[in-house]
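Visitor: I am new to protein structures and would like a close look at one part of this one. Could you walk me through it slowly?

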Amino acid sequence: MGRPRKEWWRTVATERDYLTVSLIEAEASFEVAALSFQDLERRFLREAMTPTERLHLKRLTAIDVLDTAFLQRRPWSDFGPWLRRLKRLGFPDLWSRFHIATLYVQSLSTFPEQAHDAFSMLADVERRVLRRRKDRSSRQQMLDGIEHARREATRHGILPPNTLGQKAI
């Protein structure tokens, strides 16, 4: 019989973390990083026991590659396909949705033509966060992160669609 699933998921997490740190320290190119994450995904997909585990592994890979694309300030041609893949697969949880939406908005200086979609995604996340109970500390952390992402976009001259027509007087 194989190892217990908790132990297996712990191994998945440890190896993902190790790979991420190794790629950062090696200053690996985006292409090398994406291929490395895909190789790791394929290795664990062979050990996955259920369709849900396989789906979650694919989601984690997309998130890792999007993190790398953000850190390396990659163009839309690298960021976009992975974002579309993650949207198609679905987000594993609200934290992941929040994380990717804020990265997307903060990346707009690299691909400003995507502003409408990025701010729509951020607004959707904000609506979801606002539905959380007010006594949850994570609610305020996410709201602060959303505000930070908006400030970063504004710092690069990219305004949310609802403020595009407004001028400061």
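How many helices and how many strands does the protein have? After that, please take me to helix H4.

Guide: Happy to! This is a predicted model, so local features are given where pLDDT is at least 70, side-chain atom pairs count only at pLDDT 80 or more, and totals for chains, interfaces and linings use all residues. Residues are numbered from 1 along each chain as its sequence is written, and side-chain values use heavy atoms, leaving out hydrogens and water.

The protein has seven helices and zero strands. Here helices (H or I, at least four residues) and strands (E, at least two) are DSSP runs, numbered from the N terminus. Confidence is given as pLDDT, the predictor's score for each residue from 0 to 100. The protein averages 93, and 93% of the residues score at least 70. Over residues 164-169, however, the pLDDT is below 50, and beyond near neighbours in sequence this stretch has one contact (heavy atoms within 4.5 Å) in the model. Where pLDDT is low, the predicted coordinates should not be read in detail.

Your helix is at the other end of that scale: among the elements, H4 (residues 76-89) has the highest mean pLDDT, 98, while helix H1 (residues 5-25) has the lowest, 95.

Now look at what is hidden. Buried means under 20% relative accessible area, exposed over 50%, and partly exposed in between (1.4 Å probe, protein chains only). In H4 they are Trp 76, Asp 78, Phe 79, Gly 80, Trp 82, Leu 83, Arg 85, Leu 86 and Leu 89. Their cover includes helix H2 (30-47), helix H3 (51-71), helix H5 (94-106) and helix H6 (115-130).

Ser 77 also lies in H4, but Ser 77 is exposed because its relative accessible area is 56%. The C-alpha atoms of Ser 77 and Phe 111 are separated by 9.5 Å, although these residues are 34 apart along the chain. Finally, follow the chain past the helix: H4 is followed by Gly 90, whose phi is positive, near 95°.
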